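Here is a short briefing on one protein chain. The sequence and structure come up next, followed by the main points.

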Amino acid sequence: MVKIPRPTCHIFQKKTPFKKISIKGNPFAYVLISILIFIGCSPKFTNVSLPIENVQEFSTSGSMVLEDKWWTAFEDEQLNILIDSALRSNMDLAAIWQQFMAAKAVVRRQASNKWPQIDASAQTARNFPEPDFVGGENTQLGLSTSYEVDLWGRIRTAVQAEKLRSDASLYDYRIAAITLSSQIASTWYQLLVAKKQLEITDEQIAVNEDIIKLIRSRFVGGQIRAVDILRQAQLLESTKEQRIIFRTNVELLENQLAVLLGKQPQEPLELETRPLPQLTELPETGLPLELVRRRPDLQRSYALLLAADRDMASAVKSKYPRLSLSARGQLRSNNFDNLFKNWAYSIAGNLLAPLFYGGRLSAEVDRTEAIKRQRLYEYGQATLTAFQEVENGVTRDIMQKERLKNIERQLVLAEKSNKQLRIEFLNGFSPYLDVLIGLDAEQQLRRDFLDAQLQQIQIRIDLYRALAGGFETEREIEMEKTR
């Protein structure tokens with residue numbers, strides 16, 4: 001882990017030519033020595049690196065190269081259209097972009113301290129009673145300017161800190177864009193699965209109604225008990241309840257999708273229903289340090305760490321003397337006609353050296369140093385969490401594939417078993433209760449298989465998001481054009 005040393009003074013730790021300089025009666029020597037002491041005591045800042053030793057490679061990696069726009073890996077044109085629309089119209093994302101614009105304005109405001117501040121003044125008054133020997137007006141026009149010479153770079157480091165915080169705000173926007181794209185993808189595939197669940201449920205209702213007709217005809221012939229009809233009717237009603245649940249899910253997911261797209265939920269969405277995507281092989285995870293440089297949340301954490309470093313530098317330099325220059329020019333007259341005949345100007349320099357502030361300046365240095373260390377550990381923890389998300393995503397993806405295969409095998413066996421049970425029932429060898437239990441299990445397995453497919457897609461979305469880097473949106477492209 002990187003070590004952050006406290007600022008120390010090094011100027012008198014080795015031989016210097018000051019021993020040969022006579023400063024007695026030489027004010028310029030005093031000034032020169034003071035400047036060299038402050039320069040020698042300036043804080044020595046080290047490069048900030050990842051606070052994790054011996055970064056290990058990811059345990060598993062695929063071979064598919066993931067694009068910046070990660071959702072294109074699903075090869076779903078409807079999904080591409082939805083995400084492109086959301087990136088333009090989502091209001092939360094637009095609000096975060098304005099937050100970035102505000103951060104850029106703060107940088108410009110802070111940078112204005114590097115330039116002279118110029119003010120204009122105008123004043124006029126009329127004296128009563130008016131003197132006989134001069135005019136009655138008292139008019140003044142003037143310009144004044146002030147400028148702080150950035151001897152030690154205090155202003156410069158403060159600007160650097162705000163610039164880094166502005167970068168962090170841009171990374172916030174990119175994080176929000178990735179989050180929005182994953183929400184759109186997740187909601188879209190939840191909607192597709194809910195519609196497919198609704199289709200399956202309608203098919204199951206039709207099958208259950210046909211079976212009721214069959215067993216009622218056998219009941220008339222005395223081949224089946226009345227309780228079997230009641231059990232089948234209960235299964236039918238249970239399936240109808242599932243249809244209500246899935247119809248509700250479809251409408252709620254359409255409303256959610258509309259809001260994510262920046263539209264009113266009352267507006268109908270023109271969506272083209274598509275089959276669920278066939279997932280390709282695992283994406284290439286790459287090297288962990290590449291992930292650190294790619295993910296916008298880690299870039300944000302690193303930018304805040306560097307901003308804290310610059311804040312600390314600015315706090316240290318606030319303990320040094322400040323040199324400010326000022327100038328003033330003024331036109332003044334008791335008669336407006338003679339205003340431009342009388343003028344005066346003044347130029348002044350001011351050197352302010354902090355001597356005693358009750359420990360306030362040192363406390364500020366300690367505070368900013370502690371914040372810098374805090375940002376360092378937050379950066380390290382965010383990196384570990386990113387590594388965990390990738391490892392978890394790969395593991396869950398592999399395990400979910402095995403689970404899907406298992407459910408599929410169960411479904412095949414259930415279909416064969418039910419087919420055999422129906423034959424035995426029709427031939428009078430098996431009770432209807434066995435058929436009912438098998439039918440219920442088969443129908444539930446079909447719904448479970450769709451749920452498992454949705455989970456597989458959601459796991460892949462999470463993995464793509466964990467590996468995704470920032471991508472340029474239209475707003476960023478337009479901003480680049482205006483520079």
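Buried residues (under 20% relative accessible area, 1.4 Å probe, protein chains only) make up 38% of the 483 residues in the protein chain. This is a predicted model: local features need pLDDT of at least 70, side-chain atom pairs count only at pLDDT 80 or more, and totals for chains, interfaces and linings use all residues. Residues are numbered from 1 along each chain as its sequence is written, and side-chain values use heavy atoms, without hydrogens and water.

**Overall layout**
- The protein chain has 10 helices and four strands, which are DSSP runs numbered from the N terminus (helices H or I, at least four residues; strands E, at least two).
- Along the sequence the pattern is α-α-α-β-β-α-α-α-α-β-β-α-α-α.
- Take contacts (heavy atoms within 4.5 Å) between residues at least 6 apart in sequence: 84% join residues at least 24 apart.

**Helix H8**
- H8 (residues 360-426) has 67 residues.
- H8 reaches 93 Å from first C-alpha to last, close to the expected 99 Å (1.5 Å times one less than its number of residues).
- Glycine 428 follows H8, with a positive phi near 80°.

**H3 against H4**
- The axes (lines fitted to C-alpha atoms over the stretch in contact; angles run from 0 to 180 degrees between N-to-C directions) of H3 (residues 91-111) and H4 (residues 154-220) come within 9 Å and cross at roughly 170°.
- H3 is therefore roughly antiparallel to H4 (angles over 145 degrees).

**Helix H10**
- In H10 (residues 474-482), the buried residues are Arg475, Glu476 and Met479.
- They lie on the same side of H10, because they cover an arc of only 95° around the axis (taken from the directions from the helix axis to the C-beta atoms).
- The buried residues of H10 pack against H2 (77-89), H3 and H4.

Technical notes
Angles under 35 degrees count as roughly parallel, over 145 as roughly antiparallel, 65 to 115 as roughly perpendicular and the rest as oblique. Buried means under 20% relative accessible area, exposed over 50%, partly exposed in between (1.4 Å probe, protein chains only).
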